[in-house]
Amino acid sequence: MAEARPELIYVAGAQKGERSVMMANTVVAGRQAGVDILINDEFASRRHFQLETTYEGWMLTNLSANGTTINGKRYKGDKKIILGTGDVIGIGSKTEMLFVEPGHDPEKALQDYRKSHPEAAPKAQPPKPPPEPAVEQSQAQAGQVQVLPVQPPQAGTAKAQPQSKQSSHRTGVQAAVSPPSADGKQVGPSAPTDKDAAQKSPESQKKSKTRRYIIYGGIYAVMLVLIVIVLIMRPKAEESAGGRPVALKLQDFKKVFEEDLKPDRARNDDAARRVLEKARDRYDNLKGKPENAYLCVYYYREYKAYQAAGKRGLPESNDEQNFAIAKNYLVDQLFKRYENAWTYEERGLWTKAYDGFEDVLRYLPQHDENKDRDVVQILVENIFAHTKYINIRRGRRN
């Protein structure tokens with residue numbers, strides 16, 4: 001028997017009606033390609049929240065600076081909440097998901113949700129109106145045509161009247177029919193013939209062509225207006241060449257600080273001891289100033305570069321542990337601020353986005369590229385590219 005798994009039922013938003021069954025014990029939801037649960041909401045974060053199983057139950061961890069709502073209450077930071085069946089998770093602008101624990105009946109949970117949220121219940125479709133009675137083929141061709149009654153021919157006359165009636169319908173003219181003569185032929189000026197219809201047909205065709213030309217001309221004019229608008233709003237040449245800079249991912253930040261500095265320093269025990277003392281001093285005040293975390297990690301990496309000719313390790317086990325703690329703290333602070341700035345940029349909030357990227361740089365004191373080439377080339381240059389892009393967009397709107 002298959003193991004029962006938790007389920008998310010979308011009850012609001014673009015994916016309403018869809019369901020996601022969590023087959024892994026840890027899943028991440030967001031709008032970034034590659035996550036376990038892809039959310040179709042432009043205001044959701046790329047990695048919005050994480051669900052994982054614990055001994056207490058399934059736990060939600062918020063990963064978004066915008067926060068995650070549970071039953072209407074918003075949680076920010078790295079808040080962790082234990083979920084139960086019936087809890088409603090809200091992210092982005094409209095997306096809401098109903099959580100169902102393993103082993104619980106999803107249909108009953110959905111039914112209970114609809115009882116407490118009547119507005120979410122599916123609306124009954126109105127009954128379809130009965131079909132209209134069929135009309136004659138001639139009426140469908142001529143539009144709404146009122147058919148006048150035709151007097152039956154006298155005895156002994158030929159039945160030539162239906163042909164005249166059909167011709168009247170084809171031309172869409174309400175015609176009164178004269179009674180037939182004694183020899184069975186239609187008399188009087190009101191009797192239409194195929195010849196009369198043929199004479200009126202070119203005029204009708206000309207009017208139809210004129211209407212088509214007017215419609216086509218209107219469509220063409222609208223297209224020209226749209227093209228002009230697109231050309232006016234098209235980005236400037238220098239911006240369109242590069243477009244919006246790419247977004248760095250969490251692994252990009254981790255990779256930068258996992259790499260050792262290039263071992264281009266001669267082995268020097270005195271210099272190694274000095275930078276090690278600097279690293280320890282910065283670690284003792286790790287959260288005091290924004291730059292302390294980066295400098296702590298930098299000095300530890302510099303110490304390892306001095307020791308590259310020998311053993312590539314730190315002298316004491318607590319230094320290795322402190323180095324790892326400082327790296328994790330630095331990456332977390334950088335990526336959290338970077339993701340916030342990226343979100344503001346995506347929404348067109350240029351001032352907040354610019355200030356956000358500047359805040360990231362406060363944690364990255366500018367150094368000579370030769371000293372920390374990876375940080376400069378991967379992180380700093382990307383942030384500078386975003387601030388330049390923001391200035392271009394912000395300048396155009398001022």
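**Why is it called that?**

Reader: Why does S64 count as buried?

Author: The relative accessibility of S64 is 3%, and buried means under 20% relative accessible area, exposed over 50% and partly exposed in between (1.4 Å probe, protein chains only). At 3%, S64 therefore counts as buried. Before we go on: this is a predicted model, where local features need pLDDT of at least 70 and side-chain atom pairs count only at pLDDT 80 or more, while totals for chains, interfaces and linings use all residues. Residues are numbered from 1 along each chain as its sequence is written, and side-chain values use heavy atoms, with hydrogens and water left out.

Reader: Where is S64, and what does it touch?

Author: Look in the loop between β6 (57-62) and β7 (68-70). Skipping residues up to four places away in sequence, S64 touches S45, R47 and H48; contact means heavy atoms within 4.5 Å.

Reader: And N71, is that residue buried, partly exposed or exposed?

Author: N71 has a relative accessible area of 48%, so it is partly exposed. N71 sits in the loop between β7 and β8 (73-75). Its phi is near 55°, a positive value in a residue other than glycine.

Reader: How many helices and strands are there?

Author: The protein has 11 helices and 11 strands. Helices (H or I, at least four residues) and strands (E, at least two) are DSSP runs, numbered from the N terminus.

Reader: How do you know what span to expect of helix α8?

Author: You take 1.5 Å times one less than the number of residues. Helix α8 (residues 290-306) has 17 residues, and 24 Å is expected. From first C-alpha to last, α8 reaches 26 Å, which is close to that.

Reader: What makes α8 mostly covered?

Author: Count its residues: 16 of the 17 in α8 are buried. Over the protein, which has 398 residues, 35% count as buried.

Reader: Why is the pair of F253 and F335 called edge-to-face?

Author: Rings of Phe, Tyr and Trp (its six-membered ring) pair if their centres lie within 6.5 Å; planes under 30 degrees apart count as stacked, over 60 as edge-to-face and the rest as tilted. F253 and F335 are 5.7 Å centre to centre with 75° between the planes, an edge-to-face pair. F253 lies in helix α6 and F335 in helix α9, so the pair ties together parts that are 82 residues apart in sequence. F253 is buried at 1% relative accessibility, and F335 is buried at 10%.

Reader: What makes Y298 and Y299 edge-to-face?

Author: Their ring centres are 5.9 Å apart and their planes stand at 65°, so that pair is edge-to-face as well. The structure holds seven aromatic pairs. F253, F335, Y338 and F357 form one aromatic cluster.

Reader: How do you know that R244 sits over the ring of W342?

Author: A charge sits over a ring if NZ of Lys or CZ of Arg is within 6 Å of the ring centre and within 35 degrees of the ring normal. The charged end of R244 is 3.5 Å from the centre of the W342 ring and sits over it. Likewise, the charged end of K327 sits over the ring of F323, 4.6 Å from its centre.

Reader: How confident is the predictor, and where does pLDDT stay under 50?

Author: The average pLDDT, the predictor's confidence in each residue from 0 to 100, is 75 for the protein, and 67% of the residues score at least 70. It stays under 50 over residues 133-198 and over residues 234-242. Where pLDDT is low, the predicted coordinates should not be read in detail.
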